[in-house]
Amino acid sequence: MTKHYKNEQLMKFLVIIGAIVGLVTLILGLAHLENYGYVDPIFALHEVVNFIIGLVIVVLTFLVALRPNNPIPFHWLVLIILAILLVLFGAGIWACVLVIIAGLIGLIEDL
């Protein structure tokens, strides 16, 4: 049985906007355009490998919001883990903040 949050629509909106912002930041980082949301990744990976891993994380973030509980569960813990992975693999701080806010809304509802 799947859990439905009271503010699920708001959470989905924040996650989708966060994934879009992460995708734009990844593309700008790959094009070497300066943007204030890009954080250099912690790992010493090549830029293309970092872009591919970041793109996979962004797609997973999209799938969590668009098809909840089908590929990955729509749960606050999964959202916070995805937010951390977004910032680690170059999707930017703003994408991380939006997805963390959605995760915190789910956490507060679970309490």
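E8 and K12 are joined by a salt bridge, with 3.6 Å between the closest N and O atoms; the term requires a side-chain nitrogen of Lys or Arg within 4 Å of a carboxyl oxygen of Asp or Glu. The model is predicted: local features need pLDDT of at least 70 and side-chain atom pairs pLDDT 80 or more, while totals for chains, interfaces and linings use all residues. Residues are numbered from 1 along each chain as its sequence is written, and side-chain values use heavy atoms, without hydrogens and water.

One salt bridge is found in a search of the whole structure. Both partners, E8 and K12, belong to helix α1 (residues 8-30) and sit four residues apart, about one turn of the helix. Helices are DSSP runs of H or I with at least four residues, numbered from the N terminus. E8 and K12 are both buried, that is, under 20% relative accessible area, where exposed means over 50% and partly exposed lies in between (1.4 Å probe, protein chains only).

The largest nonpolar core has 28 residues, and M11, V58, V64, F74, L79, L86 and A102 touch the most other members. Such a core is a set of buried Ala, Val, Leu, Ile, Met, Phe, Trp, Tyr and Cys residues joined through side-chain atoms within 4.5 Å. Helices α1, α2, α3 and α4 (93-110) each contribute at least two residues to this core, and α3 has the largest share, seven residues.

Apart from neighbours within four places in sequence, F74 contacts (heavy atoms within 4.5 Å) Y5, E8, M11, K12, V64, A65, P68, N69 and L79.

The buried residues of α3 are W76, L79, L82, A83, L86, V87 and L88, and their cover includes α1, α2 and α4.

| Residue | Phi | Location |
|---|---|---|
| G90 | near 85° | follows α3 |

N69 is partly exposed, at 31% relative accessible area.

On the surface, L30, V48, I52 and V56 form a nonpolar patch with about 310 Å² of accessible area together. Patch members have over 30% relative accessible area and no salt bridge, nonpolar side chains being joined within 5 Å; areas follow the Shrake-Rupley method with a 1.4 Å probe. Helix α2 gives the most to the patch, three residues. V48, in α2, is partly exposed at 42% relative accessibility.

Notes. Patch = residues over 30% accessible without salt bridge, like charges linked within 9 Å, V, L, I, M, F, W, Y side chains within 5 Å.
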